[in-house]
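I opened a new page for this chain.

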Amino acid sequence: MLRLDAEHVLRPVRAGDGAALARAYRANREHLAPWEPVRSEAFFTEEWQEQNAQQCVAEAALGRSSRFVILSDDGEIRGRMNLNTIVRGAFWSADLGYWIDSTRLRRGLAGRAVALIAEHARDELRLHRLQASTLLHNVASQRVLTGNGFEHIGIAPKYLRIAGEWQDHILFQLLLEEPLSARRERP
């Protein structure tokens, strides 16, 4: 477990997280809808989330992904940080995705969590590169990424199906070389 601030920690997804994940996704359903794929009703159930949590644990054990929850001291999940599609071979890279609870925005939580995930990717997973993408109008997420040293590397037309539409994304990368770029705090 890694402490993010006085109220939040970052820890790997565990079996048994299904109920808390379902509560978090239901509480943030409207907040996340513009930024995520269209979700089925089943996605918001404890059963679906528990199966997914168990899958996250299994995929982490196989080295395919490394997924985390942001947990508040009251035991509720307040966000996710995911390293997806871990590829070795000549690539040694992963895709970063994340979200923060609507009640926890503008506190620097995402920035601190991204910094810790980048360190984890470099030091524990020994990755060379992280890639992240944002919708063109997701300025807040772009600030989080650039504040952690991610560089804009291009635009991918119709990259992901978000909110029911194929949407263009800005691509970012972070090379995980010593030392990582210092995280920039907002003025």
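I began with the radius of gyration. A compact globule of 187 residues would have one near 16 Å, and the chain has 16 Å, so the two agree. The model is a predicted one. I then looked up the span of the C-alpha trace along its principal axes, which is about 40 × 40 × 35 Å.

Next I listed the elements. I found 5 helices and 8 strands. From the N terminus they run β-β-α-α-α-β-β-β-α-β-α-β-β. I also checked contacts between residues at least 6 apart in sequence, and 63% of these join residues at least 24 apart.

Then I turned to surface and charge. The chain exposes about 9900 Å², with carbon and sulfur atoms supplying 53% of that area. I looked up 25 positive and 24 negative charges, whose mean positions lie 2 Å apart.

The largest nonpolar core has 30 residues, and Leu130 and Phe150 touch the most other members. Elements that each supply at least two residues to this core include strand 4 (77-87), strand 6 (129-135) and helix 5 (139-147). Helix 4 gives the most, with 8 residues.

Which residues does Leu130 contact, leaving aside its neighbours within four places in sequence? I found Leu83, Ala94, Ala118, Ala121, Phe150, Phe172, Gln173, Leu174 and Leu176. Apart from this core I found another, of 15 residues, with Ala24, Phe43, Val69 and Leu71 among them.

Key. Residues numbered from 1 in each chain as written. Predicted model: local features only at pLDDT ≥ 70, side-chain atom pairs only at ≥ 80, totals over all residues. Heavy atoms only, no water. Helix = DSSP H or I, 4+ residues; strand = E, 2+ residues; numbered from the N terminus. Rg over C-alpha atoms; globule rule 2.2 N^0.38 Å. Contact = heavy atoms within 4.5 Å. Areas by Shrake-Rupley, 256 points an atom, 1.4 Å probe, with all protein chains shown as cover. Lys, Arg positive; Asp, Glu negative; His and termini not counted. Charge placed at Lys NZ, Arg CZ, Asp CG, Glu CD. Core = buried A, V, L, I, M, F, W, Y, C linked by side-chain atoms within 4.5 Å. Buried < 20%, exposed > 50% of the residue type's maximum accessible area, 1.4 Å probe, protein only.
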